[in-house]
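Hi,

Here is the structure I promised to pass on. Have a look at it first, and then read my notes below.

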Amino acid sequence: YNGQCPGPLLRIPRNRPVHIRLENALGEPTSVHWHGIRLDNAMDGVTGLTQAPVAPGQSFDYRFTSPDAGTYWYHSHHRSWEQIGRGLYGPLIVEEDTPVAVDHDLVFLADDWRLDEKGVLENTFGSLHDAAHGGRTGNWLTVNGDTRPPLKVRPGARVRLRCISAANARIMAFSFPGLSPMVAAVDGQPLATPLPLNEPLELAPAQRADLIIDIPPTSDTQFDIQEVSTGEPIRAAVMAVDGTPIREKVLGETLVLPANPLSGIKPDLIHARNMELLMEGGAMGAMNGAIHQGKMFDMRSLVTETGKVWAFNGIAGMGKEPFVEIPRGQTLSINIINDTRWPHAMHMHGHHFKVVERNGQPVSDAPWRDTELVEVNEKVRIALVADNPGKWLLHCHMLEHHMAGMGTWLSVV
(Lines give C-alpha, C1' and ligand atoms only; values in the text may rest on other atoms or scores of the structure.)
Protein backbone atom coordinates (compact mmCIF):
# COMPACT_ATOMS: atom_id res chain seq x y z
CA TYR A 1 0.00 0.00 0.00
CA ASN A 2 1.40 3.41 -1.03
CA GLY A 3 4.67 1.74 -2.02
CA GLN A 4 5.46 0.17 1.33
CA CYS A 5 4.88 -2.97 3.37
CA PRO A 6 3.34 -2.86 5.87
CA GLY A 7 1.11 -0.11 4.52
CA PRO A 8 1.21 3.36 6.09
CA LEU A 9 0.15 3.73 9.71
CA LEU A 10 -3.36 5.18 9.67
CA ARG A 11 -4.42 7.15 12.75
CA ILE A 12 -8.06 8.16 12.82
CA PRO A 13 -10.19 9.82 15.51
CA ARG A 14 -12.78 7.91 17.48
CA ASN A 15 -16.45 8.61 16.73
CA ARG A 16 -15.74 10.92 13.80
CA PRO A 17 -16.33 10.19 10.11
CA VAL A 18 -13.31 9.29 8.00
CA HIS A 19 -12.94 8.94 4.24
CA ILE A 20 -10.30 6.67 2.74
CA ARG A 21 -10.08 6.11 -1.01
CA LEU A 22 -8.68 2.84 -2.32
CA GLU A 23 -7.15 3.17 -5.77
CA ASN A 24 -6.44 -0.20 -7.35
CA ALA A 25 -3.22 -0.17 -9.40
CA LEU A 26 -2.91 -3.96 -9.22
CA GLY A 27 -3.45 -6.26 -12.17
CA GLU A 28 -6.29 -7.98 -10.32
CA PRO A 29 -9.33 -7.02 -8.21
CA THR A 30 -9.01 -6.20 -4.53
CA SER A 31 -10.76 -4.60 -1.53
CA VAL A 32 -9.93 -3.41 1.99
CA HIS A 33 -11.31 -4.78 5.26
CA TRP A 34 -10.98 -2.61 8.38
CA HIS A 35 -10.34 -5.45 10.80
CA GLY A 36 -12.08 -5.12 14.17
CA ILE A 37 -13.92 -1.88 13.42
CA ARG A 38 -17.65 -1.98 14.19
CA LEU A 39 -18.61 -0.04 11.07
CA ASP A 40 -21.49 0.12 8.59
CA ASN A 41 -21.90 -3.15 6.72
CA ALA A 42 -21.40 -1.62 3.25
CA MET A 43 -17.90 -0.49 4.27
CA ASP A 44 -16.67 -3.86 5.60
CA GLY A 45 -14.76 -4.70 2.43
CA VAL A 46 -15.76 -8.36 1.95
CA THR A 47 -16.05 -9.00 -1.78
CA GLY A 48 -19.04 -11.08 -2.73
CA LEU A 49 -20.86 -10.24 0.50
CA THR A 50 -20.69 -6.51 1.28
CA GLN A 51 -19.27 -5.09 -1.98
CA ALA A 52 -18.15 -5.98 -5.46
CA PRO A 53 -14.41 -6.38 -6.02
CA VAL A 54 -12.61 -3.17 -6.96
CA ALA A 55 -11.39 -3.82 -10.50
CA PRO A 56 -7.92 -2.87 -11.76
CA GLY A 57 -7.79 0.84 -12.49
CA GLN A 58 -10.89 1.55 -10.40
CA SER A 59 -11.34 3.10 -6.97
CA PHE A 60 -13.66 2.71 -3.98
CA ASP A 61 -14.46 5.24 -1.28
CA TYR A 62 -14.61 3.86 2.24
CA ARG A 63 -16.49 6.14 4.63
CA PHE A 64 -17.02 5.01 8.19
CA THR A 65 -17.01 6.01 11.83
CA SER A 66 -15.34 3.92 14.53
CA PRO A 67 -17.11 3.96 17.91
CA ASP A 68 -14.12 2.34 19.60
CA ALA A 69 -10.59 3.57 20.21
CA GLY A 70 -7.78 1.01 20.06
CA THR A 71 -5.44 -1.04 17.93
CA TYR A 72 -6.77 -2.46 14.67
CA TRP A 73 -5.41 -3.19 11.21
CA TYR A 74 -6.49 -3.09 7.58
CA HIS A 75 -5.94 -5.69 4.89
CA SER A 76 -7.17 -7.02 1.59
CA HIS A 77 -10.29 -9.17 1.70
CA HIS A 78 -10.14 -10.46 -1.86
CA ARG A 79 -8.00 -13.55 -2.41
CA SER A 80 -6.70 -12.67 1.02
CA TRP A 81 -4.59 -15.82 1.36
CA GLU A 82 -2.37 -14.41 -1.41
CA GLN A 83 -2.86 -10.64 -1.23
CA ILE A 84 -2.22 -10.50 2.52
CA GLY A 85 0.57 -13.05 2.10
CA ARG A 86 2.22 -10.68 -0.41
CA GLY A 87 1.93 -7.68 1.91
CA LEU A 88 -1.43 -5.94 1.49
CA TYR A 89 -1.96 -4.95 5.12
CA GLY A 90 -1.15 -2.13 7.51
CA PRO A 91 -1.73 -0.87 11.07
CA LEU A 92 -4.80 1.17 11.98
CA ILE A 93 -5.04 3.12 15.24
CA VAL A 94 -8.25 4.72 16.44
CA GLU A 95 -7.18 7.42 18.86
CA GLU A 96 -8.70 8.00 22.28
CA ASP A 97 -10.59 11.24 22.83
CA THR A 98 -7.88 12.30 25.29
CA PRO A 99 -4.26 11.23 24.66
CA VAL A 100 -3.09 8.36 26.87
CA ALA A 101 -0.21 9.14 29.23
CA VAL A 102 2.64 7.20 27.61
CA ASP A 103 6.04 8.40 26.47
CA HIS A 104 6.28 6.18 23.39
CA ASP A 105 3.37 4.79 21.34
CA LEU A 106 4.86 2.07 19.12
CA VAL A 107 3.50 -0.43 16.61
CA PHE A 108 4.78 -4.03 16.63
CA LEU A 109 3.31 -5.66 13.53
CA ALA A 110 4.63 -9.20 13.07
CA ASP A 111 4.52 -11.44 10.01
CA ASP A 112 6.24 -14.58 8.78
CA TRP A 113 7.30 -14.97 5.14
CA ARG A 114 7.98 -18.16 3.20
CA LEU A 115 11.25 -17.57 1.35
CA ASP A 116 13.24 -19.89 -0.89
CA GLU A 117 16.99 -20.47 -0.57
CA LYS A 118 17.63 -17.25 -2.52
CA GLY A 119 15.50 -15.17 -0.17
CA VAL A 120 12.69 -14.79 -2.71
CA LEU A 121 9.04 -15.08 -1.67
CA GLU A 122 7.81 -18.55 -2.63
CA ASN A 123 4.96 -18.40 -5.14
CA THR A 124 3.07 -21.32 -3.57
CA PHE A 125 -0.02 -19.37 -2.52
CA GLY A 126 -3.24 -21.36 -2.33
CA SER A 127 -1.46 -24.69 -1.88
CA LEU A 128 -3.90 -27.53 -1.18
CA HIS A 129 -1.36 -29.07 1.20
CA ASP A 130 -1.21 -25.84 3.23
CA ALA A 131 -4.99 -25.54 3.15
CA ALA A 132 -5.54 -29.08 4.46
CA HIS A 133 -2.99 -28.68 7.23
CA GLY A 134 -2.11 -25.67 9.39
CA GLY A 135 -2.06 -23.09 6.59
CA ARG A 136 0.81 -21.21 4.98
CA THR A 137 3.56 -20.72 7.55
CA GLY A 138 6.79 -18.92 6.76
CA ASN A 139 10.46 -19.25 7.64
CA TRP A 140 11.42 -15.58 7.97
CA LEU A 141 10.10 -13.27 10.68
CA THR A 142 9.64 -9.53 10.28
CA VAL A 143 8.39 -6.82 12.59
CA ASN A 144 7.09 -3.67 10.91
CA GLY A 145 8.43 -5.07 7.65
CA ASP A 146 12.00 -5.34 8.92
CA THR A 147 14.28 -8.02 10.36
CA ARG A 148 15.08 -7.59 14.07
CA PRO A 149 14.34 -3.84 14.00
CA PRO A 150 15.34 -1.57 16.89
CA LEU A 151 12.45 0.06 18.74
CA LYS A 152 14.04 3.19 20.19
CA VAL A 153 12.95 4.20 23.70
CA ARG A 154 14.31 6.40 26.48
CA PRO A 155 15.36 5.14 29.95
CA GLY A 156 12.50 5.40 32.42
CA ALA A 157 9.92 5.66 29.62
CA ARG A 158 6.43 4.20 29.72
CA VAL A 159 5.82 2.46 26.38
CA ARG A 160 2.57 1.45 24.74
CA LEU A 161 3.41 -1.42 22.40
CA ARG A 162 0.62 -2.21 19.95
CA CYS A 163 1.17 -5.84 18.94
CA ILE A 164 -0.54 -7.11 15.77
CA SER A 165 -0.21 -10.45 13.98
CA ALA A 166 -0.51 -10.28 10.18
CA ALA A 167 0.52 -13.92 9.71
CA ASN A 168 -1.46 -16.06 7.29
CA ALA A 169 -1.56 -19.00 9.68
CA ARG A 170 1.21 -19.15 12.28
CA ILE A 171 0.27 -18.82 15.94
CA MET A 172 3.05 -16.61 17.29
CA ALA A 173 4.26 -16.13 20.86
CA PHE A 174 6.49 -13.31 22.12
CA SER A 175 8.50 -13.05 25.32
CA PHE A 176 10.09 -9.95 26.83
CA PRO A 177 13.03 -11.08 29.00
CA GLY A 178 14.11 -8.44 31.48
CA LEU A 179 10.87 -6.48 31.16
CA SER A 180 7.48 -6.76 32.88
CA PRO A 181 4.72 -5.92 30.39
CA MET A 182 1.12 -5.38 31.41
CA VAL A 183 -1.65 -6.38 28.99
CA ALA A 184 -3.94 -3.36 28.75
CA ALA A 185 -6.15 -4.30 25.78
CA VAL A 186 -6.88 -7.18 23.40
CA ASP A 187 -8.33 -6.90 19.89
CA GLY A 188 -8.70 -3.15 20.40
CA GLN A 189 -10.81 -3.37 23.56
CA PRO A 190 -9.32 -2.16 26.89
CA LEU A 191 -9.26 -4.47 29.89
CA ALA A 192 -10.99 -3.13 32.98
CA THR A 193 -7.98 -4.34 34.96
CA PRO A 194 -4.66 -4.71 33.10
CA LEU A 195 -2.98 -8.07 33.64
CA PRO A 196 0.71 -8.89 34.05
CA LEU A 197 2.16 -10.85 31.16
CA ASN A 198 3.43 -13.87 33.07
CA GLU A 199 3.71 -16.09 29.99
CA PRO A 200 4.67 -15.40 26.37
CA LEU A 201 2.14 -13.28 24.53
CA GLU A 202 0.27 -15.62 22.19
CA LEU A 203 -1.11 -14.03 19.03
CA ALA A 204 -3.14 -16.11 16.61
CA PRO A 205 -3.51 -14.65 13.10
CA ALA A 206 -5.30 -11.26 13.23
CA GLN A 207 -5.22 -10.93 17.02
CA ARG A 208 -3.85 -7.84 18.76
CA ALA A 209 -2.72 -6.87 22.23
CA ASP A 210 -1.71 -3.53 23.72
CA LEU A 211 1.14 -3.85 26.21
CA ILE A 212 2.26 -1.22 28.69
CA ILE A 213 5.98 -1.56 29.40
CA ASP A 214 7.99 0.53 31.89
CA ILE A 215 11.65 0.80 30.88
CA PRO A 216 14.11 0.80 33.82
CA PRO A 217 15.38 4.37 34.41
CA THR A 218 19.02 3.31 34.79
CA SER A 219 19.06 1.16 31.69
CA ASP A 220 21.27 2.13 28.77
CA THR A 221 21.23 -1.29 27.20
CA GLN A 222 18.75 -3.17 25.05
CA PHE A 223 16.08 -5.78 25.62
CA ASP A 224 15.42 -8.52 23.10
CA ILE A 225 11.84 -9.30 22.14
CA GLN A 226 11.80 -13.00 21.28
CA GLU A 227 9.43 -15.14 19.23
CA VAL A 228 9.22 -18.46 21.10
CA SER A 229 6.38 -20.47 19.51
CA THR A 230 8.77 -23.06 18.04
CA GLY A 231 10.58 -23.64 21.34
CA GLU A 232 13.72 -22.06 19.90
CA PRO A 233 13.77 -18.32 20.69
CA ILE A 234 14.21 -16.04 17.69
CA ARG A 235 15.04 -12.36 18.12
CA ALA A 236 12.02 -10.57 16.69
CA ALA A 237 12.97 -7.00 17.60
CA VAL A 238 15.08 -5.05 20.06
CA MET A 239 13.87 -2.53 22.60
CA ALA A 240 16.83 -0.18 22.14
CA VAL A 241 17.24 2.05 25.20
CA ASP A 242 19.18 5.26 24.72
CA GLY A 243 19.25 8.91 25.76
CA THR A 244 18.58 10.90 28.89
CA PRO A 245 16.26 9.21 31.40
CA ILE A 246 12.71 10.53 31.29
CA ARG A 247 12.22 9.88 35.00
CA GLU A 248 14.30 8.66 37.91
CA LYS A 249 12.13 5.74 38.96
CA VAL A 250 9.57 3.43 37.38
CA LEU A 251 6.00 4.67 37.54
CA GLY A 252 4.18 2.86 40.33
CA GLU A 253 0.58 3.11 39.18
CA THR A 254 -0.90 0.79 36.55
CA LEU A 255 -2.15 2.48 33.40
CA VAL A 256 -5.81 1.69 32.63
CA LEU A 257 -6.90 2.62 29.11
CA PRO A 258 -10.17 4.56 28.71
CA ALA A 259 -13.20 2.30 28.33
CA ASN A 260 -14.94 1.92 24.97
CA PRO A 261 -18.75 1.88 24.59
CA LEU A 262 -18.65 -1.93 24.56
CA SER A 263 -17.76 -1.91 28.25
CA GLY A 264 -21.36 -0.98 29.05
CA ILE A 265 -22.88 -3.83 26.99
CA LYS A 266 -23.71 -7.21 28.48
CA PRO A 267 -24.92 -10.21 26.45
CA ASP A 268 -28.32 -11.49 27.64
CA LEU A 269 -27.57 -15.20 27.87
CA ILE A 270 -30.99 -16.06 29.30
CA HIS A 271 -32.82 -14.88 26.18
CA ALA A 272 -30.02 -15.59 23.70
CA ARG A 273 -30.42 -17.34 20.37
CA ASN A 274 -28.26 -20.46 20.77
CA MET A 275 -26.47 -21.99 17.79
CA GLU A 276 -23.78 -24.59 17.20
CA LEU A 277 -21.00 -24.33 14.64
CA LEU A 278 -19.30 -27.65 13.95
CA MET A 279 -15.88 -27.42 12.30
CA GLU A 280 -14.88 -30.49 10.27
CA GLY A 281 -12.38 -31.56 7.64
CA GLY A 282 -8.71 -31.09 6.95
CA ALA A 283 -5.89 -33.58 6.99
CA MET A 284 -6.41 -36.47 9.41
CA GLY A 285 -10.02 -35.38 9.90
CA ALA A 286 -13.07 -37.61 9.95
CA MET A 287 -15.24 -35.69 7.47
CA ASN A 288 -16.63 -37.90 4.70
CA GLY A 289 -18.10 -35.15 2.55
CA ALA A 290 -19.92 -31.83 2.53
CA ILE A 291 -22.33 -29.62 0.64
CA HIS A 292 -20.82 -27.02 -1.67
CA GLN A 293 -23.00 -24.52 -3.56
CA GLY A 294 -26.06 -26.65 -2.86
CA LYS A 295 -24.58 -29.95 -4.08
CA MET A 296 -23.39 -32.86 -1.93
CA PHE A 297 -19.85 -34.13 -2.57
CA ASP A 298 -18.00 -37.06 -1.09
CA MET A 299 -14.61 -36.11 0.32
CA ARG A 300 -12.58 -37.08 -2.73
CA SER A 301 -14.85 -35.22 -5.13
CA LEU A 302 -15.01 -32.22 -2.80
CA VAL A 303 -11.23 -31.90 -2.92
CA THR A 304 -10.69 -32.62 -6.61
CA GLU A 305 -13.68 -30.72 -8.04
CA THR A 306 -14.02 -27.75 -5.68
CA GLY A 307 -10.70 -27.41 -3.84
CA LYS A 308 -12.55 -27.36 -0.51
CA VAL A 309 -11.36 -29.44 2.44
CA TRP A 310 -13.17 -27.85 5.41
CA ALA A 311 -16.82 -27.38 6.38
CA PHE A 312 -19.02 -25.59 8.90
CA ASN A 313 -22.11 -27.62 9.81
CA GLY A 314 -21.62 -29.80 6.74
CA ILE A 315 -21.33 -26.86 4.31
CA ALA A 316 -18.01 -26.10 2.61
CA GLY A 317 -17.67 -22.43 1.72
CA MET A 318 -20.25 -19.66 1.70
CA GLY A 319 -23.85 -20.73 1.26
CA LYS A 320 -26.71 -18.69 -0.17
CA GLU A 321 -28.50 -18.81 3.17
CA PRO A 322 -27.00 -17.33 6.34
CA PHE A 323 -25.77 -19.48 9.19
CA VAL A 324 -28.33 -17.59 11.26
CA GLU A 325 -30.69 -14.65 10.78
CA ILE A 326 -31.19 -12.72 13.99
CA PRO A 327 -33.12 -9.57 14.93
CA ARG A 328 -31.08 -6.51 15.72
CA GLY A 329 -30.39 -6.19 19.45
CA GLN A 330 -30.75 -9.87 20.34
CA THR A 331 -27.92 -11.79 21.96
CA LEU A 332 -26.43 -14.55 19.82
CA SER A 333 -24.61 -17.46 21.45
CA ILE A 334 -22.52 -19.76 19.25
CA ASN A 335 -20.94 -22.96 20.52
CA ILE A 336 -17.93 -23.49 18.24
CA ILE A 337 -16.90 -27.14 18.15
CA ASN A 338 -13.48 -27.98 16.71
CA ASP A 339 -13.72 -31.57 15.46
CA THR A 340 -10.50 -31.26 13.43
CA ARG A 341 -6.82 -31.88 14.04
CA TRP A 342 -5.84 -28.23 13.68
CA PRO A 343 -6.45 -25.01 15.63
CA HIS A 344 -8.56 -22.25 14.08
CA ALA A 345 -8.59 -18.49 14.70
CA MET A 346 -12.27 -17.60 14.36
CA HIS A 347 -12.97 -13.98 13.36
CA MET A 348 -16.34 -12.26 13.58
CA HIS A 349 -16.94 -9.22 11.37
CA GLY A 350 -18.83 -6.17 12.55
CA HIS A 351 -19.03 -7.24 16.20
CA HIS A 352 -16.97 -8.15 19.22
CA PHE A 353 -17.88 -11.11 21.42
CA LYS A 354 -17.07 -12.64 24.77
CA VAL A 355 -16.10 -16.24 25.47
CA VAL A 356 -18.70 -17.42 27.99
CA GLU A 357 -17.92 -21.14 28.11
CA ARG A 358 -14.95 -23.37 27.32
CA ASN A 359 -15.32 -27.14 27.11
CA GLY A 360 -18.57 -26.94 29.01
CA GLN A 361 -17.17 -24.85 31.86
CA PRO A 362 -18.40 -21.27 32.40
CA VAL A 363 -15.92 -18.46 31.74
CA SER A 364 -16.33 -15.21 33.64
CA ASP A 365 -14.89 -11.77 32.97
CA ALA A 366 -13.60 -12.66 29.51
CA PRO A 367 -12.48 -9.66 27.42
CA TRP A 368 -14.25 -8.51 24.29
CA ARG A 369 -12.58 -10.03 21.23
CA ASP A 370 -13.09 -10.17 17.49
CA THR A 371 -10.81 -13.19 16.92
CA GLU A 372 -10.63 -16.25 19.17
CA LEU A 373 -8.30 -19.24 18.88
CA VAL A 374 -10.21 -22.53 19.10
CA GLU A 375 -7.81 -25.36 19.83
CA VAL A 376 -8.00 -28.98 18.63
CA ASN A 377 -10.99 -30.86 20.12
CA GLU A 378 -12.04 -27.72 21.98
CA LYS A 379 -15.56 -26.36 22.40
CA VAL A 380 -15.76 -22.59 22.83
CA ARG A 381 -19.06 -20.78 23.33
CA ILE A 382 -19.05 -17.11 22.39
CA ALA A 383 -21.77 -14.53 22.92
CA LEU A 384 -22.40 -11.21 21.21
CA VAL A 385 -25.12 -8.61 21.01
CA ALA A 386 -26.19 -8.50 17.35
CA ASP A 387 -26.53 -4.72 17.26
CA ASN A 388 -25.00 -4.01 13.85
CA PRO A 389 -27.38 -4.67 10.92
CA GLY A 390 -26.20 -6.34 7.75
CA LYS A 391 -24.51 -9.43 6.36
CA TRP A 392 -21.47 -10.29 8.47
CA LEU A 393 -18.73 -12.79 7.71
CA LEU A 394 -17.65 -15.41 10.27
CA HIS A 395 -14.52 -17.29 9.23
CA CYS A 396 -11.23 -18.84 10.18
CA HIS A 397 -8.38 -16.33 9.89
CA MET A 398 -5.94 -19.08 9.02
CA LEU A 399 -6.42 -17.70 5.54
CA GLU A 400 -5.91 -20.94 3.62
CA HIS A 401 -8.59 -22.54 5.81
CA HIS A 402 -11.02 -19.79 4.84
CA MET A 403 -10.07 -20.26 1.19
CA ALA A 404 -10.76 -23.98 1.46
CA GLY A 405 -14.19 -23.83 3.06
CA MET A 406 -14.13 -22.30 6.57
CA GLY A 407 -16.39 -19.34 5.99
CA THR A 408 -20.05 -18.56 6.64
CA TRP A 409 -22.16 -15.48 7.33
CA LEU A 410 -24.88 -14.24 9.59
CA SER A 411 -27.63 -11.73 8.93
CA VAL A 412 -28.64 -9.09 11.48
CA VAL A 413 -32.07 -7.72 10.47
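What follows is a short tour of what turned up, topic by topic.

Before you start, note that this is a predicted model: local features need pLDDT of at least 70, side-chain atom pairs count only at pLDDT 80 or more, and totals for chains, interfaces and linings use all residues. Residues are numbered from 1 along each chain as its sequence is written, and side-chain values use heavy atoms, with hydrogens and water left out.

**The cores**

General background for this part: in soluble globular proteins, nonpolar side chains tend to be buried together. I use "nonpolar core" for a set of buried Ala, Val, Leu, Ile, Met, Phe, Trp, Tyr and Cys residues joined through side-chain atoms within 4.5 Å. Buried means under 20% relative accessible area, exposed over 50%, and partly exposed in between (1.4 Å probe, protein chains only).

The largest nonpolar core has 70 residues, and those touching the most other members are Trp34, Ile37, Phe64, Leu332, Ile334 and Met346. Strand β6 (residues 89–95) gives the most to this core, with four residues. Helices and strands here are DSSP runs numbered from the N terminus: H or I and at least four residues for helices, E and at least two for strands. A second, separate core has 31 residues, including Ala157, Leu161, Ala167 and Ala236.

If you click on Ile334, look for its contacts (heavy atoms within 4.5 Å). Leaving aside neighbours within four places in sequence, Ile334 is in contact with Met275, Leu277, Phe323, Met348, Val380, Arg381, Ile382 and Leu394.

**Aromatic rings**

How many aromatic pairs are there? The count comes to seven. Rings of Phe, Tyr and Trp (its six-membered ring) pair if their centres lie within 6.5 Å; planes under 30 degrees apart count as stacked, over 60 as edge-to-face and the rest as tilted.

Take Trp34 and Tyr62: the ring centres are 5.4 Å apart and the planes sit at 75 degrees, so this pair is edge-to-face. Trp34 is in strand β3 and Tyr62 in strand β4, 28 residues apart, and the pair links these distant parts of the chain. Both Trp34 and Tyr62 are buried.

Phe108 and Phe174 are also an edge-to-face pair, at 5.1 Å centre to centre and 85 degrees between the planes. Phe108 lies in strand β7 (residues 104–113) and Phe174 in strand β11 (residues 172–175), so this pair ties together parts that are 66 residues apart in sequence. Phe108 and Phe174 are both buried.

There is one aromatic cluster to find too, formed by Tyr1, Trp34, Phe60, Tyr62, Phe64 and Tyr74.

**Around Asp68**

Two side chains make polar contacts with Asp68: that of Arg38 at 2.7 Å and that of Gln189 at 3.5 Å. A polar contact is a pair of N or O atoms within 3.5 Å; within protein, one must be able to donate a hydrogen and the other to accept it, and residues adjacent in sequence count only if both atoms are side-chain atoms.

Arg38 is found in the loop between β3 (33–35) and β4 (59–64), and it counts as buried at 14% relative accessibility. Gln189 is in strand β13 (residues 189–196) and is buried, with a relative accessible area of 3%. Not counting residues up to four places away in sequence, Gln189 touches Asp68, Tyr72, Asn260, Leu262, His352 and Trp368.

Most residues other than glycine have a negative phi, and most peptide bonds are trans. Here a cis peptide bond joins Cys5 and Pro6, with omega about -5 degrees; Pro6 sits in the segment before β1 (10–13).

Arg79, not a glycine, has a positive phi of about 50 degrees. Arg79 lies in the loop between β5 (70–75) and α1 (80–83) and is partly exposed at 36% relative accessibility. Asn144 has a positive phi as well, near 55 degrees; Asn144 is in the loop between β8 (140–143) and β9 (150–153).

**Helix α3**

Asp298 caps the N-terminal end of helix α3 (residues 299–306), with a side-chain oxygen 3.2 Å from the backbone nitrogen of Arg300. After α3 comes Gly307, whose phi is positive, near 75 degrees.

Happy browsing!
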